[in-house]
Amino acid sequence: MNGAVRLSILQVISAYLFIIILLLIVRKRGLNREKEIIISTTRMTLQLILTGYILTYIFKTPNPIITVLVISIMEVFAIQNIIKRSKNRLSKELKKVVIFSMLTGTLFTLIYFIFIVINIKPWYNPQYFIPLAGMVIGNSMTGISLGINKLVEGFKNQVDMIECSLMLGASPKDASKSILDNAFDSAILPTINSMVGMGIVFLPGMMTGQILSGSSPLVAIEYQIAIMLGILGSVSISVIIFLLLGYKTFFNNRMQIKREEL
Amino acid sequence: MFEIKNLKFKDILDIEHLIINKNSVTSIVGESGSGKTTLLKMLNNIISPDEGEIYYEGIEINNYNPIDLRRKVVMLPQTPVIYKGSILDNILIGKRFAKSFNYNLEEIKTLLEKFNVNKNLSESAENLSGGEKQRICLIRVLIMNPEVILLDEPTSALDENTEDIVINYIVEYTKKNNKTLVMVTHAKDIAKKYSDFIIEINKRR
Ligand SMILES: Nc1ncnc2c1ncn2[C@@H]1O[C@H](COP(=O)(O)OP(=O)(O)OP(=O)(O)O)[C@@H](O)[C@H]1O
Ligand SMILES: [Mg+2]
């Protein structure tokens, strides 16, 4: 690594010119979004500066407890985000399924990656563990968010069809099959699509960062390939676990659909 | 065949004792909102009563595996449900749900003809008329060969003439094959003409 060109404070500040242009446009058009723009810009800046300092500290003093703590915070944040962002009211049982599937899907992938694919030593080396965890958790979060919306909406819109299938002697799983297939598709599709454009249409964030900070593009690409596969694995595992447990929460133990809860 | 004891459901149904006989045709009548659909769903274990018991062949229905019960006691819902696919796919939907499923293509064709549906089996089912959909759903239930056939207003979208043909056929089929038929209907004359027993549900209050 030969290190990136450091930006001076003034250079960084000059990048805020874009925000000022945006603010001027917004004001002129009377869009009433000034407050949100200022707040989100400020939050982005403060959060990143803070994260920068925290990561610097963590990277300097690798410690398994701190690594695990950081992962836990990410998981909690991701799970809360899924539940809050959902357009529909979620039952308590379904929330539990979200927690379980996020944890099992992401942790399984992470452990596999850390110990087998990259084989980092020590395993808690934060410089690898934290960015990897961020990618895996972030993508599983998006996947489950998409899946949850399709699942709940599917049950709402197709309750008569599911009930008809049950009346004909279908198991709850068979009766929900089309909804589950559809939810899996929409959860996994963005990840698959992003693989297709990869390297041609855009350079993924992590690779851009690595290249800018001085790594050879070939090294960056090795990691990127491994990570894309890891992301796909994590998203699929979390979404499959989520759907296979999630549909059950719409039925009671007599294999009746819980209409009142839809 | 069915015996209901002290059944209560919300403020909708309150049935002290009711028997539905084997190898018979029973009609359920009553004004809209009186609970006819609800009662039928209970026989198919799609809804459970708040209180009371329902016996099928002497065994409380919760002691059956719900799937096994629903294959013996098949229900046709009030609103026809059409799945993606052809008319044949729709008629054979039960195949997707059961490990073993026997059917006879000739029988399906005969039923279509008898029920006056002049369509090709390979046509998409989504563009059918309301009444055609209703008859496809009916055929779907009949070819599953259940012990008990529960029909919720099976002919509500048909003209009187077709209605009579269809009900006549189903009743004949029931008698010939020693099945039990329970149907909800708004048509009092159909109920009188074809049923061995009529259950009338009165709306409470
Ligand atoms: N699960 C339920 N919980 C509470 N009320 C219900 C439930 N299912 C149905 N109802 C209500 O019970 C009443 C009876 O409904 P049901 O569908 O059985 O009537 P119906 O006799 O079949 O009427 P129609 O002839 O219009 O089809 C209705 O007022 C309905 O809103
Ligand atoms: Mg009804």
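How many salt bridges are there between chain A and chain B? The count is one, where a salt bridge is a side-chain nitrogen of Lys or Arg within 4 Å of a carboxyl oxygen of Asp or Glu. That bridge joins the side chains of B:Lys41 and A:Glu163, at 2.8 Å from N to O. Helix H7 of chain A (residues 159-167) supplies seven residues, the largest share of the side of chain A that touches chain B. Helices here are DSSP runs of H or I with at least four residues, strands are runs of E with at least two, and both are numbered from the N terminus. That side of chain A splits into seven nonpolar, four polar and five charged residues; Ala, Val, Leu, Ile, Met, Phe, Trp, Tyr, Cys and Pro count as nonpolar, Asp, Glu, Lys and Arg as charged, and the others, Gly among them, as polar.

A word on ground rules. The model is predicted, so to speak of a local feature takes pLDDT of at least 70 and side-chain atom pairs count only at pLDDT 80 or more, while totals for chains, interfaces and linings use all residues. Side-chain values use heavy atoms, with hydrogens and water left out, residues are numbered from 1 along each chain as its sequence is written, and chains are lettered from A and ligands numbered from 1 in the order in which they are written.

Back to the interface. Chain A brings 16 residues to the contact and chain B brings 25, with contact meaning heavy atoms within 4.5 Å. About 1,800 Å² is buried between chain A and chain B, and carbon and sulfur atoms give 61% of that. Buried area is the accessible area (1.4 Å probe) that two parts lose on being put together, summed over both. In chain A, the residues that lose the most area to chain B are A:Met167, A:Leu168 and A:Arg254, together 40% of what that side buries.

Chain A itself has ten helices and zero strands. Its C-alpha trace spans about 70 × 55 × 35 Å along the principal axes.

Some pairs within chain A link distant parts of the sequence. The search over all chains turns up ten salt bridges. One pair, A:Glu93 and A:Lys258, meets at 2.9 Å, N to O. A:Glu93 sits in helix H5 and A:Lys258 in the segment after H10, 165 residues apart. A:Phe155 and A:Phe250 are stacked, with 4.0 Å centre to centre and 0° between the planes. A:Phe155 belongs to helix H6 (residues 126-157) and A:Phe250 to the segment after helix H10 (217-246), 95 residues apart.

Most residues other than glycine have a negative phi, and most peptide bonds are trans. The bond from A:Lys121 to A:Pro122 is cis, with omega near -10°, and A:Pro122 is found in the loop between helix H5 (92-117) and H6. B:Asn6, in strand S1 (residues 2-9) of chain B, has a positive phi, near 50°.

Conventions: Phe/Tyr/Trp six-rings, centres within 6.5 Å; stacked < 30°, edge-to-face > 60°.
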